[in-house]
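Subject: Structure handover

Hello,

Here is the structure for you to look through. My notes follow below it.

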Amino acid sequence: MSLLSSPLSAGRLSGTVYTFEKAGDVLAMHTHDEESVHITIVARGKIKVSGNGWEMEKSAGAVIDFPPNQAHEFVALEDNSRIVNIQK
């Protein structure tokens, strides 16, 4: 399993880019408080996003707007999938 991450900074925007090299790679379940909550843009490939009692599949171009304190994890469904998390 190989998940690569790199910081993102563009003016007042900040976040993290995650590249899932192989299908099945996971960004483990986690939460964010009001200071660190983010949106996620699926930049490439396909992912499954899930939390406590919910899940959805999203493909390149999708945007997910997470509320604070919502547990979530990401699983790559295709090799070389990429997400971009941008703090709100």
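Is Lys-46 buried, exposed or partly exposed? Lys-46 is partly exposed, with a relative accessible area of 26%; by this scale, buried means under 20% relative accessible area, exposed over 50%, and partly exposed in between, using a 1.4 Å probe and protein chains only.

Some ground rules come before the rest. This is a predicted model, in which local features need pLDDT of at least 70 and side-chain atom pairs count only at pLDDT 80 or more, while totals for chains, interfaces and linings use all residues. Residues are numbered from 1 along each chain as its sequence is written, and side-chain values use heavy atoms, with hydrogens and water left out.

Salt bridges

Searching the whole structure gives two salt bridges, a salt bridge being a side-chain nitrogen of Lys or Arg within 4 Å of a carboxyl oxygen of Asp or Glu. One joins the side chains of Glu-57 and Lys-46 (3.3 Å, N to O). Glu-57 is in strand E6 (residues 54-59) and Lys-46 in strand E5, so this pair ties together parts that are 11 residues apart in sequence. Strands (E, at least two residues) and helices (H or I, at least four) are DSSP runs, numbered from the N terminus.

In the other, the side chains of Lys-88 and Asp-65 meet at 2.3 Å, N to O. Lys-88 is in the segment after strand E9 (81-87) and Asp-65 in strand E7 (residues 63-65), 23 residues apart, which makes this a link between distant parts of the chain. Lys-88 is exposed at 52% relative accessible area, and Asp-65 is exposed at 54%.

The sheet

An open sheet is formed by four strands in the order E3-E8-E5-E6, with antiparallel pairing; two strands pair if DSSP finds at least two bridges between them. Strand E3 (26-30) and E6 stand at the edges with a single partner strand each, so one side of each has no neighbour in the sheet. E5 and E6 run antiparallel and are joined by six bridges. The bridge partner of Ile-47 in E6 is Lys-58.

The core

The largest nonpolar core has 13 residues, and Ile-47 and Phe-74 are among those that touch the most other members. Such a core is a set of buried Ala, Val, Leu, Ile, Met, Phe, Trp, Tyr and Cys residues joined through side-chain atoms within 4.5 Å.

Regards
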